[in-house]
Amino acid sequence: MDKMTPKERQIALKSGLEVDRLPITFSHEGYATKIAGMSYREGFNSPEKAAAKEIAVYNRFGVDGVSVSYTSINFAIRHRSKIQSPHDAPAALEEAALKKADQVDQLDLERTSFRRDVAQRTNRGALEILLDQLGDQVIPTYSISAPFTLASGVLAADQMLRATRKDPENLHKLLHFTVDSIKQIIDQVADLKELNYFLYDPVASGSLISPKIYRDFVVPYSKQVVDYIKALPHDHWVGMHICGNTSHSLELIAESGIDGFSLDQEVDLALAKEKIGDRVTIIGNVDPVKVFLQGDEQAMRQAVRDNFLAAYDSPAGYMIRSGCQVPYATPIEQVDVFMDESIKQATLAADKLFRGGH
């Protein structure tokens, strides 16, 4: 049995104090709907259901985090991009509102005002419910698509990549717009004192863009958002996740000022610890497909042990997590194994770090 709540654990770690175990979580946005007995789409269509699926995951597995999210698809809808929205799978962009970056002046910040944006109102309501029902146990997280990925909701990713070479001026203009949009979104929850933030930036993947593009088109805008959060009246923890192989951009990623970085399974934990472990908490990175979905109990236990062996002593901290979203079809029993082995290893790690264990 845990001796501390996730909230107590987070506060203690931030202060450099002893904890019972290191934090544990997995990326469960869609998977949570399965645990709550909802369809994928249903889990996002009201504050009550968005909160209920997170409460269901917390009660079932005891993870160290609950969250709601504002995605590039939410942004796309507001700016009249066309999307595909299946009943039991994530929505996807079908046709972007902008065909080229030079059409950025067609965008209107008012479209993502709180008054007009149902996703923001849903998220605000869900966060209030989570704070009311779980706020004494866990600090909720507001996950928001980072500027580069948010832009892909109105200009298709292939056109964005083209614009880095052919029309950088208008792409920069678009990214300034997405930063302003994110600031507007943050303003609507800025009064919530106990709230973590998480920036998701899959389009900034090292599998898609070079370190140079990352430096020129991602870092300045991500940093603006992180700085904006850090300047809020209350002290907030800020994390980030980027899909794919970011090995060559790790130092650039850390320059954004984030507190924690969630690694895709393609990135070596030991390498991340070496390059940025003194500046940010290393988070990750059990393979969501090969281990969670397709693996057996032995594969899961070994993966968890390997993760802790590689990164438990990272100077700025370590948190085990899935490398990306856990697939909806993942057997619940496999997640139970993940939690069971993670609790064992996270407790052993804390014993070594804080209590002289071996």
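**Exercise 1.** Determine which hand the crossing of α3 and α5 has, and how the two helices lie to each other.

*Solution.* The crossing of α3 and α5 is right-handed, a crossing being right-handed if the near helix is turned clockwise from the far one by less than a right angle, and left-handed if anticlockwise. This is a predicted model, in which local features need pLDDT of at least 70 and side-chain atom pairs count only at pLDDT 80 or more, while totals for chains, interfaces and linings use all residues. Residues are numbered from 1 along each chain as its sequence is written, and side-chain values use heavy atoms, with hydrogens and water left out.

Next, take the geometry: helix α3 (residues 47–61) and helix α5 (residues 118–134) pack with their axes 7 Å apart, at an angle of about 40°. Helices are DSSP runs of H or I with at least four residues, strands are runs of E with at least two, and both are numbered from the N terminus; axes are lines fitted to C-alpha atoms, for helices over the stretch in contact, with angles from 0 to 180 degrees between N-to-C directions. Angles under 35 degrees count as roughly parallel, over 145 as roughly antiparallel, 65 to 115 as roughly perpendicular and the rest as oblique, and α3 and α5 are therefore oblique to each other.

Finally, list the contact (heavy atoms within 4.5 Å): the α3 residues include A51, I55 and Y58, and those of α5 include A126, I129 and L130. By class, this contact of α3 with α5 has nine nonpolar, three polar and three charged residues, where Ala, Val, Leu, Ile, Met, Phe, Trp, Tyr, Cys and Pro count as nonpolar, Asp, Glu, Lys and Arg as charged, and the others, Gly among them, as polar.

**Exercise 2.** Describe how α14 and α15 lie to each other.

*Solution.* The axes of helix α14 (residues 297–311) and helix α15 (residues 332–354) cross at roughly 30° and come within 9 Å; α14 and α15 are therefore roughly parallel to each other. Their crossing is right-handed. Among the residues that meet are M300, V304 and F308 in α14, and V337, F338 and E341 in α15.
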